[in-house]
Amino acid sequence: MIIYGTNGAHVHTTPLPGVACPRCSAPEGIQLSVFSRYAHIYWIPLFPYSKPTVAQCGHCQQVWDEKAMPKEVRSSSQALKKQTRAPFWHWTGIGLFVAALGWGAAVSSQDARANAAFLAAPRAGDIYTVRSTEDTKNYSLLKVVSAKGNTVELVANEYQINNSHPLSDLNSPEKYSRKPFSLTQFELQIMQNKGEITDVDRLGN
Ligand SMILES: [Zn+2]
């Protein structure tokens, strides 16, 4: 169950000079207060969505909400509402969400850079996750046996699974073919550009 709802917090109260109370006629008795209402999920504020404003007479304690606000008070109340900002913490949830997106993007670009670096300088033991060209839901592995000059010797895994991270299921020695084949680094680069190589892992480092 997801617990969500709305909540409010007091932001600001200020006296309204020069206005007599429309009810008890006390001079200088009126105060304006602004609140901020926000949506929350598990009590973490997500974003503010309204700023209710009330006027209160400190003398007779009469309270007016925005609908009932006397016209002597209304324009000051609207001006105060306009210049009052919701506190930053009412944006906590959205802030966390944006931070998480940014973190995810940073991690994935770091991963892509590491993949490109490994592919540009192959080493024995590197493992490439490859996607089947006909059936793009199936993934398998290629393992680098040796790399000399421009030529990379690989063995193909003999299994395919429907999982874009097949390493933990498929990477055991008996699941690889015994017959190596060769590709050039250029061919590997093309496979990566086409999206046929989706990941590069260099284990044990
Ligand atoms: Zn009053």
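User: Which residue in β9 is the bridge partner of T151?

Analyst: The partner of T151 in β9 is T184. This is a predicted model in which local features need pLDDT of at least 70 and side-chain atom pairs count only at pLDDT 80 or more, while totals for chains, interfaces and linings use all residues. Residues are numbered from 1 along each chain as its sequence is written, and side-chain values use heavy atoms, with hydrogens and water left out.

User: What makes β8 and β9 a pair?

Analyst: Two strands (DSSP runs of E with at least two residues, numbered from the N terminus, as helices are runs of H or I with at least four) pair if DSSP finds at least two bridges between them. Strand β8 (residues 151-156) and β9 have four bridges in the antiparallel sense, so they meet the criterion of at least two. Helix α4 (residues 185-193) packs on the sheet and touches β6, β7 (139-148), β8, β9 and β10, where contact is defined as heavy atoms within 4.5 Å.

User: Why are β9 and β10 called edge strands?

Analyst: The open sheet has five strands in the order β9-β8-β7-β6-β10, with antiparallel pairing. Within that order β9 (181-184) and β10 each pair on one side only. Strand β6 (residues 127-131) is joined to β10 by four antiparallel bridges, and V130 has I197 as its bridge partner in β10.

User: Why is β10 described as largely enclosed?

Analyst: Buried means under 20% relative accessible area, exposed over 50%, and partly exposed in between, with a 1.4 Å probe and protein chains only. Four of the five residues of β10 (residues 197-201) are buried, so the strand is largely enclosed by the rest of the structure.

User: What makes the zinc site tetrahedral?

Analyst: Donors are N, O and S atoms within 2.8 Å of the metal (3.2 Å for Na, K and Ca), and sites may look incomplete since water is not among the atoms. The SG atoms of C21, C24, C57 and C60 lie 2.3 to 2.4 Å from the zinc ion. Four donors count as tetrahedral if all angles lie between 85 and 135 degrees; four count as square planar and six as octahedral if opposite donors are over 155 degrees apart and all others between 65 and 115, and anything else is irregular. The angles here are 106 to 114°, which makes the arrangement tetrahedral. Along the chain the donors follow the spacing C-x2-C-x32-C-x2-C. Both C21 and C57 are buried.

How values were computed: Axes fitted to C-alpha atoms, helices over the stretch in contact; angles between N-to-C directions.
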